[in-house]
Amino acid sequence: MDRTKIILLSVALFPTLALAQAPQGNTTNPSFNKAKKIMQKQIYTNPANMKTIYCGANFDADKYITLPTGFTTEVYKKRVKRWEAEHVVPAENFGRAFSEWREGAKVCVDSKGKDFKGRKCAEKANPEYRLMQSDLYNLYPAIGAVNAARQNYNYVMLPKTASKNYRSFGSCDMIIDKKDRDAQPPERARGVIARTYMYFDTVYPKYKMSRQQSQLMTVWDKQYPVTKWECERAEKIKKIQGNVNPILASRCKNI
């Protein structure tokens, strides 16, 4: 009997076991606001690891950010010292899989009787979306101005030739292509980004990477190996959120 038939037979005979072994995403916390508080109070507690994902800016327990020397920005200046929780896999990228985001829902009516859709509707009307939005494995501290500039842009490797369409941040090597709506993250963030995308693709049937995105993340995963802090962070989240990150579980065995 070939391997495929054995797997199908196992699922048929032991459906509960098969379900239990399937990787799961967040099933315990549907609150994005609560997730942000957990990040601040239970995950990022050691000053050595209290750094933003893209620029490596230090921050303290009060969410005050110390900007790196040479950091500059021409946009979103009011958010430049604001600590924000960045969705590495953007909320819009998985949110559009939900009809509430695309089309709205009966419960999505404001105080003036006007229908609304998008993120606010998905958050209000769909419990599954709320769990995905609040998944701690996908949330990282970021300088507010950088988070705002990145928006929901896909990560890419941009041409090395400078372009008038590029938006940069001085000493922080985050580059935004305003025209093509792409973002090239610094090297320090690429491995983390790759494994976060791979996690989301593995545990949430609603979300699937494009082939091009998958290829890039596979390259970054190999090029920028997992770090000790990345594994420690995953252990903290597992204890709080209750689910294992199967991508990091396999890569952290030798850390």
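Tutor: A disulfide is counted here as a pair of cysteine sulfur atoms within 2.5 Å, and since this is a predicted model, that cut-off is applied to predicted positions.

Student: How many disulfides does this rule give?

Tutor: In general, a disulfide is a covalent bond between the sulfur atoms of two cysteines. In this chain the count by the rule comes to three, and with bonded cysteines counted along the chain the pattern reads 1-4, 2-3, 5-6.

Student: Which cysteine is joined to Cys55, and which parts of the chain does the pair link?

Tutor: Cys55 is joined to Cys172, with an S to S distance of 2.1 Å. The pair links distant parts of the chain, 117 residues apart, with Cys55 in the loop between α3 (32–43) and β1 (58–59) and Cys172 in strand β7 (residues 172–177). Both Cys55 and Cys172 are buried.

Student: Are Cys108 and Cys121 buried or exposed?

Tutor: The word buried is used under 20% relative accessible area. Cys108 has 0% relative accessibility and therefore counts as buried, and Cys121, also with a relative accessible area of 0%, is buried.

Student: Where does the disulfide of Cys231 and Cys252 lie?

Tutor: Cys231 and Cys252 are joined with an S to S distance of 2.0 Å, and with -90° about the S-S bond their link is left-handed. Cys231 lies in helix α11 (residues 228–241) and Cys252 in the segment after α12 (246–251), so the pair ties together parts that are 21 residues apart in sequence. Cys231, at 8% relative accessibility, counts as buried, and Cys252 is buried with a relative accessible area of 16%.

Student: Turning to the strands, which residues of β3 lie on each side?

Tutor: In a regular strand the side chains alternate between the two faces of the sheet. In β3, Trp83, Ala85 and His87 are on one side and Glu84 and Glu86 on the other, and both faces are covered; five of the five residues of this strand (residues 83–87) are buried.

Student: Which strand is joined to β3, and how do the two run?

Tutor: Five bridges join β3 to strand β4 (residues 139–143), and the two run antiparallel, with Glu84 standing opposite Ala142 in β4.

Terms used: Residues numbered from 1 in each chain as written. Predicted model: local features only at pLDDT ≥ 70, side-chain atom pairs only at ≥ 80, totals over all residues. Heavy atoms only, no water. Buried < 20%, exposed > 50% of the residue type's maximum accessible area, 1.4 Å probe, protein only. Helix = DSSP H or I, 4+ residues; strand = E, 2+ residues; numbered from the N terminus. Pairing = 2+ DSSP bridges.
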